Amino acid sequence: MAEIELKPEEFSLFRKYIYEKVGIALSDQKSTLVKGRLNKRLNQLNLTSFQAYYDYLISDTSGDELALFVSAISTNVTSFFREGAQWKWLEGYLDELIASKREKKIRIWSAGCSSGEEPYTILMFLQHHLSDFDQWDIKILATDISPKVLSHAMAGTYDAKGVEPLPKEIVLRSFEKIRFDNSVRYQIKPHLRSKVLFRLYNLVTDPFFFKNRFDMIFCRNVMIYFDDKTRHDLIGRFTTILPKGAPLFLGSSESLTTHRESLKLLGSSIYQRL
Ligand SMILES: C[S@@+](CC[C@H](N)C(=O)[O-])C[C@H]1O[C@@H](n2cnc3c(N)ncnc32)[C@H](O)[C@@H]1O
C-alpha cells in the first residue's frame, strides 16, 4: 500500500475547513499527523490524492466523514472516574446542591462525552451518594461530535479492563455482567442508561439552543485542540446556562485565561459560576 503524499496546499485546505467546522487549529507540524492518520482512510475509499479526499469530505453533508476525520486527528480517550480530585470535590458540593433544591431534579451536561464513561460515572457517583437516588428526577445530556463513540456510549457496554478497577459495590450496582464470545463484558444497567440523553452535537458550529439551565457542566479534555477564540466563545456560552454557584469541570491540563469575571477557579480545573 503506497503512502499518499499530502501537499502543503492540500493541508491548507484541511486546516481551514477543520477550523471553521470544529474549531480545531492545526499547526504546520500537524501535516505529518494528518497524512499518517488519514492514509488508511483514503485507501479504504479508493482515493489516490488528498485533494480527492478533501472534495469527498466537504461534500458529505451527513457530518459522518467530518466526525471520522476529527476522530483520526484527535483522541476519544476516556475512563470511568477520570480526574479523581474532581469527584472528591463533588462529594462536598453535592450536599450544598441538594440542600438548595426545592424540587428533586438534577440536570447535568457532559459535553464531549466520548464513549460514555463520563456521563455514566456521574450517575454512578449520584447513586452512590444519594440515599434516595430513585426518588430524584435526574437527566444527563451527553453530547459528542462523533457518531461512532456515541453509539458505543448508547450501548453502554465496556470491557473488563475498564470496569474491574472500580469498587466492587459500584460494579455490582451499576453493571450487568455479560458473556460475549469467550470474554466478559459489562453493560450499564437499563435504569441508569435511561437517565442519559445522548445527542450528536458539535460544540463549535451547532446552534446553542439550550433554554434550561444545568446544575453543572462537564467539558473535560475536549477544548485541548481548540484555539483561544473558539475556547473563549464556548466558555462564554456555557456561562449563560450555568446558574450562580454552579461548577464547570474542565480537564486537568486545561485552564481558563478569560472569563475571570464570571468564573472562579476552585482548584483541580473546577470553575464556579459567579
Ligand atoms: C478526549 S475525549 C474526552 C472525553 C471525556 N470528556 C473525558 O474527559 O474523559 C474528547 C471528546 O471530545 C469530542 N469532540 C472534539 N471536538 C468536538 C466538538 N467540536 N464538538 C463536540 N465534541 C467534540 C471528541 O469526539 C471526543 O470524543
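**View 1. Lining of the largest pocket.** In this predicted model, 28 residues line the largest pocket, and T75, G112, D144, N221 and V222 lie nearest its centre. A pocket is an open set of points on a 1 Å grid over the protein atoms alone, where a 1.4 Å probe fits, with protein on both sides within 12 Å along at least five of seven lines; lining residues have an atom within 4 Å of a point. The volume of the largest pocket is about 450 Å³, taken as the space filled by probe spheres set on the points. Helix α4 (residues 64-73; a DSSP run of H or I, at least four residues) gives the most to this lining, with three residues.

**View 2. Ligand in the pocket.** The ligand takes up the space of the largest pocket (more than half of its atoms lie within 2 Å of the grid points). Around the ligand are 19 residues (a heavy atom within 4 Å), with T78, R82, G112, D144 and N221 coming nearest.

View 3. Contacts are pairs of N or O atoms within 3.5 Å. A polar side-chain atom of N221 is 2.8 Å from a ligand oxygen atom. Ligand nitrogen atoms lie 2.9 Å from a backbone N or O atom of L203 and 3.3 Å from a polar backbone atom of I145. The protein covers 98% of the 610 Å² of accessible area that the ligand has on its own (Shrake-Rupley method, 1.4 Å probe).

**Notes.** Residues are numbered from 1 along each chain as its sequence is written, and side-chain values use heavy atoms, without hydrogens and water. Local features need pLDDT of at least 70 and side-chain atom pairs pLDDT 80 or more, while totals for chains, interfaces and linings use all residues.

Conventions
A polar contact is a pair of N or O atoms within 3.5 Å; within protein, one must be able to donate a hydrogen and the other to accept it, and residues adjacent in sequence count only if both atoms are side-chain atoms. Helices (H or I, at least four residues) and strands (E, at least two) are DSSP runs, numbered from the N terminus.
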